[in-house]
Amino acid sequence: QVQLVESGGGLVQPGGSLRLSCVASGSMFSIVPMGWYRQAPGKERELVAGISNGGIITKYVDSVKGRFTISRDNAKKMVYLHMNSLKPEDTAVYYCNAYTNSDYAPLYNWGQGTQVTVSS
C-alpha cells in the first residue's frame, strides 16, 4: 500500500511563494507519473501539475502556468511543487498522487493533504 505524505503548506500573502513537498512509500515511484492536485472549498479536486516518471515532461493547467513548477527526485521518492506569485484563488488543500497517462485518474489512496491559504 503506497502512502503519500504532503507538507509545506501555510498562510501566505498574495504574490508570495511556497514550496510543497510530497514523500511516497513503495517501490513503484520511479515508474509512474506524479501530480499535484488541489481542492478548494465547494469545488471538485483538480489536477494542477503533472510530471512524467523520468521528470522530463511537465504539464500544467492554464491557471497556474508560469507560476507553478513541479519537480521530482526519484532517489528520494519525492515530488515538489514550487508556487510563485500566489493568488487568493490558489487557496485550497493540495494533494499529491500518481496518475494514469490515459485519463489522469489518481492511482493511490489520498494522503492528508496540505492547506495553502493565500490572503492578506
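Mentor: Start with terms: two strands pair if DSSP finds at least two bridges between them. Strands (E, at least two residues) are DSSP runs numbered from the N terminus. This is a predicted model: local features need pLDDT of at least 70, side-chain atom pairs count only at pLDDT 80 or more, and totals for chains, interfaces and linings use all residues. Residues are numbered from 1 along each chain as its sequence is written, and side-chain values use heavy atoms, with hydrogens and water left out.

Trainee: In β9, which residue is the bridge partner of Met-34?

Mentor: Strand β4 pairs with strand β9 (residues 92-98). The sense is antiparallel, over six bridges. The β9 partner of Met-34 is Ala-98.

Trainee: And in β5, which residue is the bridge partner of Gly-35?

Mentor: β4 is also joined to strand β5 (residues 46-51), by five antiparallel bridges. The hairpin of β4 and β5 has six residues between the strands, and Gly-42 takes a positive phi near 80 degrees there. In β5, the partner of Gly-35 is Gly-50.

Trainee: Why is strand β4 largely enclosed by the rest of the structure?

Mentor: Buried means under 20% relative accessible area, exposed over 50%, partly exposed in between (1.4 Å probe, protein chains only). β4 covers residues 34-39. It is largely enclosed because the buried residues number five of the six.

Trainee: In what order do the six strands form the open sheet?

Mentor: The pairing is mixed. β2 and strand β10 (residues 114-118) pair in the parallel sense over three bridges, with Val-12 bridged to Val-118. β2 (10-12) and β6 (58-60) stand at the edges with a single partner strand each, so one side of each lacks a neighbour in the sheet. The order is β2-β10-β9-β4-β5-β6.

Trainee: Which residues form a disulfide?

Mentor: A disulfide is a pair of cysteine sulfur atoms within 2.5 Å. The structure holds one. Its sulfur atoms are 1.8 Å apart, and the pair is Cys-22 and Cys-96.

Trainee: How many residues apart are Cys-22 and Cys-96?

Mentor: The pair links distant parts of the chain. Cys-22 lies in strand β3 (residues 18-24) and Cys-96 in strand β9. Their separation is 74 residues.

Methods
Helix = DSSP H or I, 4+ residues; strand = E, 2+ residues; numbered from the N terminus.
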